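Hi everyone, thanks for coming. I'd like to walk you through one protein today, so please get the picture up on your screens.

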Amino acid sequence: MLKRKIENILMDWKKQTSKKCLVVDGARQVGKTFAIKQFGETYYDELFYINFKETPSAMDSFTGDLDVNTLIFNFKLQNKNVSLFPGKTLIFLDEIQECEQALTSLKFWTIDGRYDVIASGSMLGIDYKRASSYPVGYIETQMMYGLDFEEFLWSQGIDESMISRVKEYYDNKKVVPDAIHNKFMSMFRLYAAIGGMPEVVWNFVQTNDMAVVDKIQKELLQGYLFDIAHYASAEDKIKAEKCYLSIARQLLDKDNPKFQYKEVEKGGRAQKYLTSIDWLMRANIIALSYSVTDVCYDLTDYVVDSNFRAYASDMSFVIAMRDYSIKQEIIQNSFKGNTKGGIYECVAADILNKRGYKLFFYRNETTKRELDFIIQKNGNVVPIEIKSGNTRAKSLNNIIDKREEISIAYKFVDGNVGLENKVLTLPLYMLMFV
């Protein structure tokens, strides 16, 4: 069983005296259903579970009035063995995107206030037609992703005390002892090869077999392609699939990982594919990092909408788009060509995205100065460079020398801790502490 951070979030929600319905959003197969069901079975006397995709007949309970008394009556009518006691029963409405009326009903569950209700779905951001049904103001939303790097470490037997010890080196800007450093770098590379999809991680824990990992990664990738075919409009489905399958090529095979439509198909143009990119983003299948024209707060004022980088929502899918041999290259640190830098940049995007950061980057084609990532925190911009070795970050140093308002910049490397002026050099695994 994999330990997930969502349990603490669900517990905090449960403790609220006056709570809204909780909607757990996220791509398919990231562990939403398992985590919520486990939470309900552990912390409530009763779990009342409806999966609208698995049991379409459950939609019948929502075909009439949507007041809570009517809905409870309908639930009991269709399920003779349930008690549905207020405060003791968790009502879990899974795959709620399949039932528009159930989504609308969340407003009335919140207003009534007697029952704890959690809803979950994997395509909640893509259906524009249902916008009027979305109960804005009456729900609390929580994004869920595949395992982040820290959760992955837990799965590999690295406990919280060891992670806390490493964080002390991060906080104090101290060099990490070689034995600990080498262990965490090997875990970072393992995460790069496996990713954070729960089924992939769990099977690796059980088998320690990369062939099994590869098989499941590719099955999950195919499942995402089926979802694109099922949920995307007829106009977008083929284009969205082509855009998605080009991601590894966009990120790993070019010096400039900017998303280019010509990599999707010869002669490709934004006019043809832009709506497909938007669809993939709304479906939580990709995350975008936008180019900015200046490195100062607020970065959103300097965004170039047409210039972006597209990252898969989890490393599993980037790796699944490549040949099996890439796993060996990553784990043994025996990369060929420039792939190593692209892989580490993808892992950095994975970790930062799962920590809730909006991602930006900077690239000046004239001066050739470039920052891999820029994030915003507490009203400040924080430049981040990712290095596959431990070379100097000329662009990073040049930019921060001219920006007094930038108090710290990070250079994450395949190396140890160091500090020079305002540039803090850190091992790549310390991205989990940013």
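I'll go from the overall build to the core and then to a few backbone details.

A quick word on ground rules. This is a predicted model, where local features need pLDDT of at least 70 and side-chain atom pairs count only at pLDDT 80 or more, while totals for chains, interfaces and linings use all residues. Residues are numbered from 1 along each chain as its sequence is written, and side-chain values use heavy atoms, with hydrogens and water left out.

Okay, the overall build. The protein has 16 helices and 13 strands; these are DSSP runs, with helices being H or I of at least four residues and strands being E of at least two, numbered from the N terminus. Along its principal axes, the C-alpha trace spans about 70 × 50 × 45 Å.

Next, what's inside. Buried residues are 54% of the 434. Buried means under 20% relative accessible area, exposed means over 50%, and partly exposed is in between, using a 1.4 Å probe and protein chains only. Contact means heavy atoms within 4.5 Å. Take the contacts between residues at least 6 apart in sequence: 69% of them join residues at least 24 apart.

Now the core. Nonpolar side chains tend to be buried together in soluble globular proteins. By a nonpolar core I mean a set of buried Ala, Val, Leu, Ile, Met, Phe, Trp, Tyr and Cys residues joined through side-chain atoms within 4.5 Å. The largest one here has 112 residues, and Y244, W279 and M430 touch the most other members. Helix α7, residues 178-194, gives the largest share of this core, ten residues. There's also a second, separate core of 26 residues, including I91, L93, A102 and A119.

Let's zoom in on W279. Not counting residues up to four places away in sequence, W279 touches M123, I126, D227, I228, Y231, A232, A240 and I285.

Another one to find is F149, in helix α5, residues 149-155. Is F149 buried or exposed? F149 counts as buried, because its relative accessibility is 1%. Leaving aside neighbours within four places in sequence, F149 is in contact with F184, M187, F188, Y191, I351, Y429 and M432. F149 and Y191 are 42 residues apart along the chain, yet their C-alpha atoms are separated by 7.0 Å.

The peptide bond from Y297 to D298 is cis, with omega near -5°. Y297 is partly exposed, at 48% relative accessibility. Skipping residues up to four places away in sequence, Y297 touches Y302, Q376, G379, N380 and V381.

Then look at K173, which isn't a glycine but has a positive phi of about 55°. K173 is in the loop between α6 (160-172) and α7, and counts as partly exposed at 41% relative accessibility. N378 also has a positive phi of about 55° without being a glycine. N378 lies in the loop between β9 (370-377) and β10 (380-386), and is exposed, with a relative accessible area of 71%.
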